[in-house]
Structure formats: structure tokens, C-alpha cells
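Please keep the sequence and the structure in view while reading.

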Amino acid sequence: TESLTVAELAKKLYREPSEIIKKLFMLGVVATINQSLDKDAIELIASEYGVEVEETIPVDITDLESHVTDDQAADLVERPSVVTIMGHVDHGKTTLLDSIRNTKVTEGEAGGITQHIGAYQVEVSDKKITFLDTPGHAAFTTMRARGAKVTDITIIVVAADDGVMPQTVEAINHAKAAEVPIIIAVNKIDKPAANPDRVMQELTEHGLVPEAWGGDTIFVPISAKTGEGIDSLLEMILLVGEVEEYKANPKTRANGTVIEAQLDKGRGAVATLLVQNGTLRVGDPIVVGNSFGRVRAMVNDLGRRVKDAGPSTPVEITGLNEVPQAGDRFVVVEDEKTARQVGEARAQVTLQSQRNEKSRVTLDTLFEQM
Ligand code: GTP
Ligand code: MG
């Protein structure tokens, strides 16, 4: 950076050029938007915004991944698997999620399900499993469209009385594209018309061959309604987790993905986050998508207030300046000032690209009319 114009510098600092011109004026320099500034002037302005000018290419602070620190192999420990449930309409996804949750979560929980936060954890033989309680397709498409990877394992529910349907195939394709292990839950086996063999047969046509037939796909016959087979299904999830050895570093600053978010009348922006690495703590300065803040309060999937949340834990947080979007990445940064800087810069970049988009659309429309 030997020299930059006022406009170029403004862009790098994510400010309006007029603001830079004003700042320069205050410092006794009268400049126009296209005027080029020397190194000293650039450094002076940059320092006004707390930015250090480096000789090398500066780090793009708006890239959230640049705020993530590398893990030492020695710090990595086992973490719960994160599981998504997908399948065709009416094949029993919601019933299965409820059944797992009811048998494993609300047991002994006075008051039962206190709150719905879009994800929950169950404990099976002293190990935890995290379920994303959003329709799998939606979670996959929005998350994947935004480059976020949240799921470790996909359960595809196929009703034994209905067989493989279009959305079953879609689910298979999603899971294959995401390169995550698939477990087939052959559901509704309590129904007289159930034909699990037909389901297995149909799935072989999509490359999913059961172990019993020499393949490597796990099939678990279940009834989400009666609860039959649910324990085997959970055991299979643990088994896959053991084989895949999902790991994370609980000692580092947290990062992860937004599962869902909304504006609450009383509490402001509320976001359900899945912590994917590190430990999230109350008070942490955080950037979430284009929003930022300090984690004010954290609530777990049972509606209880918690002070920290380790890898694969879903928590609902408050304390953000704006509502982020599902699929947004979040990172904890070193201090509140950085959180604000990065958040504001990201919002600015988005605004800018939206403006560009708008003017492009207007031009296109103009051409259409000609
Ligand atoms: P969408 O969210 O609309 O895609 O459906 P879903 O996959 O969530 O299916 P849902 O859990 O709503 O179940 C659809 C219907 O099947 C409901 O009437 C359930 O009660 C019924 N059902 C689900 N699982 C079973 C089962 O194991 N046995 C029987 N007999 N019925 C089931
Ligand atoms: Mg449903």
C-alpha cells in the first residue's frame, strides 16, 4: 500500500468516502474522493479507526475464518455426533424426533419440554448425541447453500408401508453430496402393510445396500409410534460416532453455526447456535453473521440457563445487536471492540453488495424494457 485514493481507502476501512474526507479535513488535509493519499496520510487515517497498516497484504477482517485459531492435536477430544433426520413427507420424521426426545430427554425432567430451540441433546450410555430439530431438507439446503457444514450423520426415514419416494431420493442425494454417513430408519414397522424388505430392495437401486446383503449401509427397523427399535437406532448412531471419531477442542474460543434466529419482543435478537469447536461462555465477545455483541445469557435445550457450552452443544443466546440468519457462522473474538469492528464491516460489505445488486437489476430491467 504505497498510495491509495480516498475512495479506495474508504472501501478498505468499510467507511463512506465522505467520512474519510471529513476526517482528513479535521486533520488539516483538504482532499477529494479521487485524490491519492501517501503512506503517512493512510496510516494516520487508519490509526483513527484502530487499524494498523501492514506492508504485506492485510488480513481481511470480514472473513470470519481469519478469527479462528488453529487447534493443537493434543487438545482435541471426542465430541457428540450431530445428527439430522430427513425423509419423505409423512414418513415420520417429526414423530421420530419427538419419540427420541420424549424417551431420552424428558425422562425425569419436571415440567417436560420447556422450550423449543431447534436442536437438542440426548444421552445414551453416558454419551451424548445432538439432534438438529429442524426439517433436515431445510437445514441442509440453507446450510449447504451458505457453505456451512453442521451435520455429521444423516438419518433417512423411510416408511415401510410406502417405500422410497421422491424426497427420500432427494435426502440420499443431499447426504451423499455432504459426504456424511447415512443410517436408514425403516419406520412404521408396526403397520400391517409394512414391508421392510421392499424398502431395502428399493434403496439398493440408490447404492444403499444393507449389511445383511453384503453392503455397508446400516438399516434399523423402527416404529416411531410404539418406540420399537429406537434404542437400536441410537446405538447405531453411537457406533458410527465411534468409527468416525468426531473431535473438537473445548479449550479454544468457540465457533459454529446459527441453527435458527428470531426477534423476541422482550429479549431482542435471539439465536440458537450449534457450538462446533471451542467453548462458548456468557460474556464472550462474538460475531454472528453480520451481527455482533456479547453473549448476555445462554439457555440450553432444556430451557435452563447455562454459563458455558462445549463442542456439539446447541444453545440459545441473547446479546446480539441484530438478528442473524440460519446457516450464518459465528466466532468468538478477542474483545468487544474487535467484535464491533468485524460485525460492522461485514454488515457494510453486505449493504454494498446489495446496492450493487440493486443497480444491476435496475439496469437489467432497463434493457428488458428497450
Ligand atoms: P412432514 O413433516 O409432513 O414431512 O411429515 P413427517 O415425516 O414429520 O411425519 P410425521 O412424524 O408427522 O408422521 C406422519 C404420520 O405418520 C402421523 O400421523 C404419525 O402419527 C404417523 N406415524 C409416524 N411414525 C409412525 C409409526 O412408526 N407407526 C405408525 N403407525 N404411524 C406413524
Ligand atoms: Mg414433520
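With a relative accessible area of 32%, R267 is partly exposed, and the model in which this value was computed is a predicted one. The side chain of R267 meets that of E316 in a salt bridge, with a distance of 3.0 Å from N to O. Because R267 lies in the loop between β11 and β12 (268-277) while E316 belongs to strand β18 (residues 314-320), the pair ties together parts that are 49 residues apart in sequence. E316, for its part, is buried, since its relative accessible area is 4% and buried means under 20%.

Side chains of opposite charge can pair when their charged atoms come close. The count of salt bridges in this model comes to 16, and the table sets out three of them.

| Salt bridge | N to O distance | Separation in sequence |
|---|---|---|
| R267 and E316 | 3.0 Å | 49 residues |
| D152 and R79 | 2.8 Å | 73 residues |
| K251 and D75 | 3.5 Å | 176 residues |

In the pair of D152 and R79, both residues are buried. The salt bridge between K251 and D75 has its closest N and O atoms 3.5 Å apart; K251 lies in the loop between β10 (247-248) and β11 (255-264), and D75 in the loop between α3 (39-48) and β3 (77-78), so the pair ties together parts that are 176 residues apart in sequence. Here K251 counts as exposed at 66% relative accessibility, whereas D75 is partly exposed at 21%. Salt bridges also link E78, K127 and E242 in a network.

Turning to the ligand, which residues come nearest to ligand 1? Of the 15 residues around ligand 1, these are K93, T94, T95, D190 and A224, and helix α4 (residues 93-104) gives the most to the shell, with three residues.

Finally, D308 is found in strand β17 (residues 308-309) and counts as partly exposed at 45% relative accessibility. Leaving aside residues up to four places away in sequence, D308 touches T279, L280, R281 and M298.

How values were computed. Residues are numbered from 1 along each chain as its sequence is written. Chains are lettered from A and ligands numbered from 1 in the order in which they are written. This is a predicted model: local features need pLDDT of at least 70, side-chain atom pairs count only at pLDDT 80 or more; totals for chains, interfaces and linings use all residues. Side-chain values use heavy atoms; hydrogens and water are left out. Helices (H or I, at least four residues) and strands (E, at least two) are DSSP runs, numbered from the N terminus. Buried means under 20% relative accessible area, exposed over 50%, partly exposed in between (1.4 Å probe, protein chains only). Contact means heavy atoms within 4.5 Å. A residue is near a molecule or strand if one of its heavy atoms lies within 4 Å of it. A salt bridge is a side-chain nitrogen of Lys or Arg within 4 Å of a carboxyl oxygen of Asp or Glu.
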